[in-house]
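Subject: Structure handover

Hello,

Here is the structure I said I would pass on. Please open it first, then read the notes below it.

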Amino acid sequence: MSEPWSPDSWRRCEAAQQPEYPDPQALSQVLDQVAQLPPLVTSWEIERLKGLLAGAARGEQFLLQGGDCCERFEDCTSDAIVSKLKVLLQMALILIHGGGRQVIRLGRFAGQYAKPRSSPCEDRDGLVLPAYRGDLINGPEFTPRERIPDPQRLLTGYDKAALTLNFIRALGSGGFADLHRPHQWDLAFASHSHLADEYHGTVSQILRSIQFVEAIIGGPIAELNQAEFYASHEALLLCYEQAQTRRVPRRSGWYNVGTHLPWIGERTRALTGAHVEYFRGLANPIGVKVGPSCGAEELVDLVERLDPHGEPGRLMLVHRLGAGRIGAALPPLVEAMARRGRQVLWCCDPMHGNTEVTDNGFKTRRFDRILHELDQAFTIHRELGSRLGGVHLELTGDDVTECLGGARGLASGDLTRAYRSQVDPRLNYEQALETALLIAERIGR
Ligand code: PEP
Ligand code: CO
């Protein structure tokens, strides 16, 4: 029997990856303020996403989850948000066209501000300071002022998330996402890419199909000017997440109204840990990252704990095993779920198992390893009678040079040109489109 759950019952358990605030009283005042602020998302949006994810588990939709590893407060700008949406819209279009399935667009945005770190401190020439844990907690600059956790950042994070979501909602429901005008999603710097040509070929075909259908029905298809986006982030900082966990009128259960889909990271998914305790009581759909150290029994226990009733759309398992390990590590996990008669949504994160450091000191990922892991994921699920229902990618619409390879064959020397990530390397625009083309081909088969 489980102990009763409440939004703060996680405090009974060991909480990994939490910062130490020097002034607990200042923290608690800020948390009280956060708890009074209006929700960022609503329970009906959350329930709608859950329904879509249930569809993805059945193979009716496909989930595209993507965005920055670590969202920065300074990136809460018109240009940065627009370019994130553009690349997700373009990728979704490629997937719908090639895969013949509705696509769920789930951003790693509007709250992806807190990061787990392998070490709590950083030592530079004898000066030891807390590690940078994301803008929600502290700043990246190596000074005591920046690195000491500051509760005021929680209010700033809440505001930035609200501003980001507000703009995303406005763009998604206005003319910006209009499928009659997908050319406006082009990103200028990529106009010379051969992938852009391939993309424009797809767009022309889609436009002709739309014209054809609208000619038959004698008018415009209104739904084509809308695009739904959902928000997700790693719900790492539990006191902040708790402050946004509410009851809502006319529904039972507790909702995290700070995002549609919170997920548990690989470093915080301990069965008896505070994150699993917090997540088990939420009504939201949730994700769990599953790395190579997770055995089949451990996964079964996690699933029983987080989704005891097997609610459709409730639980998404995001495997991030690495191109070299997925072949051995994934089949036992898939088989264990099948033996239990569980239909969970399987999603592949081909990024976090393929991180390496170059000779010149950059944290990077090889594009061919990323594609190779994805490709194997599709094959393994199919061969076992399971289904890959989504992908989880770290990407940006910007012209960064963080991952090696891809259409332009980026080499380690190129990483110095535009390496902007504070944490993990992201696919750039061309690499993202190329990935979408591969996925579309695999789901279309
Ligand atoms: C992430 O998604 O940025 C991350 C830290 O992933 P994981 O928990 O899978 O390592
Ligand atoms: Co990351």
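Predicted model: local features only at pLDDT ≥ 70, side-chain atom pairs only at ≥ 80, totals over all residues.

Arg269 is in the loop that runs between strand S8 (261-264) and helix H8 (274-280). The relative accessible area of Arg269 is 5%, and because the cut-off for buried is under 20%, Arg269 counts as buried.

Lys289 leads on to the ligand. What surrounds ligand 1? The surrounding residues are Cys69, Arg108, Lys115, Pro116, Trp263, Gly265, Glu266, Arg267, Lys289, Arg320, His352 and Glu394. By type, this shell divides into seven charged residues, three nonpolar and two polar. As for location, ligand 1 sits in the second largest pocket.

- Arg320 has a polar side-chain atom 2.7 Å from an oxygen atom of ligand 1.
- Lys289 has a polar side-chain atom 2.8 Å from an oxygen atom of ligand 1.
- Glu394 has a polar side-chain atom 3.0 Å from an oxygen atom of ligand 1.

How much of ligand 1 does the protein bury? Taken alone, ligand 1 exposes 300 Å², and the protein buries 98% of that area.

Next, the loop between S14 and H12. Strand S14 covers 388-394 and helix H12 covers 429-444, and Asn428 is found in the loop between them. Thr416 is found in the loop between S14 and H12 as well. Is Asn428 buried or exposed? Asn428 has a relative accessibility of 7%, so it counts as buried. Thr416 is exposed, because its relative accessible area is 54% and the cut-off for exposed is over 50%.

Both residues have a side-chain contact with a backbone oxygen. The side chain of Asn428 reaches the backbone oxygen of Val400 at 3.0 Å. For Thr416, the side chain reaches the backbone oxygen of Gly413 at 3.0 Å. The C-alpha atoms of Thr416 and Thr401 are 7.5 Å apart, and the two residues are 15 residues apart along the chain.

Two residues are listed for their backbone angles. Most residues other than glycine have a negative phi. Gln17, which is not a glycine, has a positive phi near 65°. Arg250, also not a glycine, has a positive phi of about 60°. Where are they? Gln17 lies in the segment before helix H1 (24-36), while Arg250 lies in the loop between strand S6 (245-247) and strand S7 (254-256). Gln17 counts as buried because its relative accessibility is 18%, and Arg250 counts as exposed because its relative accessibility is 81%.

Two more positions complete the notes. Cys347 is part of strand S11, residues 345-348. Its relative accessibility is 0%, so Cys347 counts as buried. From C-alpha to C-alpha, Cys347 and His309 are 20 Å apart in space, and they are 38 residues apart in sequence.

Leu179 is found in the loop between helix H5 (152-173) and helix H6 (194-217). Which side of the cut-off does Leu179 fall on, buried or exposed? Leu179 has a relative accessible area of 19%, and since buried means under 20%, Leu179 is buried. The C-alpha atoms of Leu179 and Gln36 are separated by 39 Å, with the two residues 143 residues apart along the chain.

Regards

Note on methods: Residues numbered from 1 in each chain as written. Chains lettered and ligands numbered in written order. Heavy atoms only, no water. Near = heavy atom within 4 Å. Polar contact = N/O pair within 3.5 Å; in protein donor to acceptor, adjacent residues only side chain to side chain. Areas by Shrake-Rupley, 256 points an atom, 1.4 Å probe, with all protein chains shown as cover. 1 Å grid on protein atoms, 1.4 Å probe; cavity = no way out; pocket = protein on both sides within 12 Å on 5 of 7 lines; lining within 4 Å. Sits in = over half its atoms within 2 Å of the grid points. Nonpolar A, V, L, I, M, F, W, Y, C, P; charged D, E, K, R; others polar. Helix = DSSP H or I, 4+ residues; strand = E, 2+ residues; numbered from the N terminus. Buried < 20%, exposed > 50% of the residue type's maximum accessible area, 1.4 Å probe, protein only.
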